[in-house]
Amino acid sequence: MMKFPLLHAILGKAVISYTWLLCTALFFTAVVTGLLLFALFYLHRNGRRQQRKAQLLRLFSDLVAETVICESAEEVEQALQQFLVTNSNLLNEPFPRRVLIKEIVKTKGDLNGSSAENLCTLFDKLELDKDTLVRLQSKEWHRKASAIQHLAEMKQAKHLVKIYRETNHANDFIRTEAQIAVVKLTGFQGLRFLNVVHRPVSQWQQLSFISQLQESELEEDKIKLWLSLKNDSVVEFALRLITIYKCHGLHDEVTALLQHSSAAIRLQALQALKEIGNESTSDFLLQNFPAASREEQLITLDMLRETGGSNKEMQFLTTLLKSDDEAIRFRALQAMQKLSPAWSAVVIRRMRDHPDFTYILSLLEKQAV
Amino acid sequence: MKILIAEDEPIMQKTIALRLKKDGHDVIATDNGREALDLIATQSPDLIITDIMMPYASGLEIVGSVKQSQNQVPIIVLSAMGQENVVLEAFNLGADDFIAKPFSPAELSMRVKRLMAR
């Protein structure tokens, strides 16, 4: 062999390679077989689970439908007892209970009035809140969030404290569900989490809260507090409430926000002032005008067009005709025309031949036509 | 009175059926639009309650098809809240009434009575 070192090297290597190849092939065959078996087992288990779920859904749909059309809590109890006669053990297992919870919650979403109340009664009678609370303890965000949603949908105000704890949760979904849930369960009072929440409250959430609120519950003191918080989204939401519910008592706090560092808050403050403006509003608007952004200036001019009219405002509008911005000049002239046609007629006469105003005046004429 | 319910959500279908049976009506139900059209042709219901979102043929297609065939059977359309365009389209096609989800089965029952009386 020493005569052929190269051959030895090749053959030796080849022998090692064959063994290695065989081992590798065996290993991969085992892995593939394992994976196939696992897939088969998984598919089989999943299939059985789906089959069981479909069977349960058929059973539960009868119970839920019967419950929905009941006319009293006693009738709900009767329907439940009737169901339990043949299915007494079914509701001792966690899986069927989970399926039932989902069905009840889903169905309630399509119903209102006493039918929806009946489903809450059924939820209470079967103590399904216990299962939901177990899910609430889950480490998985989607289980936790859905548990919160279910508790709110089923009006489980008795678990408010547990839900409230999640209103400042780091996970967006859990926090959002918890915040909406507390408002759903306790209305305006539920919004107290805004006092401490330090994460942004999205536009969608803000609208969701508003849709849950009743005007009669509103407390201006609380809204006033929110206006002073560092969380911009809370300030914005408070301004939304002021706009919608016309909280005239907070006029001065709102005008102070015209100088806020956040553009969104300044714009929302202007929107609020459109609704709650009084005789002092235009003074604030005029003061604020030079420092305002272009968008804010245009809104301010629209507001002045509706509420202004004093000599001071007319003079101010006249000075704006010297602005480089055509849109500002146009809005100023438009406001003047609305507030004092005589004043604007004089102004227009003066600038009729000025090239900067040719386009604006033609626009105004078109509008008048 | 024979009422056809076209609703693909099993619980909702059962709920409406139970409610109407309780009111003394005969109920036929289906979970898809195509079968609903067949049932309308073969069973001649006195009233149709149809959901908008249905497999094979939507509630709008059912309304359109029924009204196009000069069939005067009243139709109540069920739809999710906020589907204004769909509701307008349904009325445009000839639907007689509309109920937005979430709804109350008791209210539906009243509307059925009112339509039947008409």
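Is A:Trp141 buried, exposed or partly exposed? A:Trp141 counts as partly exposed, at 40% relative accessibility (buried means under 20% relative accessible area, exposed over 50%, partly exposed in between, with a 1.4 Å probe and protein chains only). This is a predicted model, in which local features need pLDDT of at least 70, side-chain atom pairs count only at pLDDT 80 or more, and totals for chains, interfaces and linings use all residues. Residues are numbered from 1 along each chain as its sequence is written, chains are lettered from A and ligands numbered from 1 in the order in which they are written, and side-chain values use heavy atoms, with hydrogens and water left out.

**Aromatic pairs**

- Over all chains, the structure holds 9 aromatic pairs (rings of Phe, Tyr and Trp, the last by its six-membered ring, pair if their centres lie within 6.5 Å; planes under 30 degrees apart count as stacked, over 60 as edge-to-face and the rest as tilted).
- A:Trp141 and A:Phe173 form a stacked pair, because their ring centres are 4.6 Å apart and their planes stand at 25°.
- A:Trp141 lies in helix α6 (residues 141-153) of chain A and A:Phe173 in helix α8 of chain A, so the pair ties together parts 32 residues apart in sequence (helices are DSSP runs of H or I with at least four residues, numbered from the N terminus).
- The pair of A:Phe188 and A:Trp226 is tilted, because the ring centres are 5.6 Å apart and the planes are at 45°.
- A:Phe188 counts as buried at 1% relative accessibility, and A:Trp226 counts as buried at 0%.
- Ring pairs link A:Phe188, A:Phe193, A:Phe209, A:Trp226 and A:Phe237 into a cluster.

**Charges over rings**

- The charged end of A:Arg192 sits over the ring of A:Tyr164, 4.1 Å from its centre (NZ of Lys or CZ of Arg must be within 6 Å of the ring centre and within 35 degrees of the ring normal).
- In chain B, B:Arg34 lies over the face of B:Tyr56, at 4.4 Å from the ring centre.

- A:Asn171 has its place in the loop between α7 (160-164) and α8 (172-186) of chain A.
- A polar atom of the A:Asn171 side chain lies 2.7 Å from the backbone nitrogen of A:Phe173, and the side chain of A:Asn171 also reaches the backbone nitrogen of A:Ile174 at 3.1 Å.

**Helix α2**

- A:Gln82 lies in helix α2 (residues 73-87) of chain A and is exposed, with a relative accessible area of 60%.
- The C-alpha atoms of A:Gln82 and A:Thr255 are separated by 63 Å, and the two residues are 173 residues apart along the chain.

Note on methods. Helix = DSSP H or I, 4+ residues; strand = E, 2+ residues; numbered from the N terminus. Polar contact = N/O pair within 3.5 Å; in protein donor to acceptor, adjacent residues only side chain to side chain.
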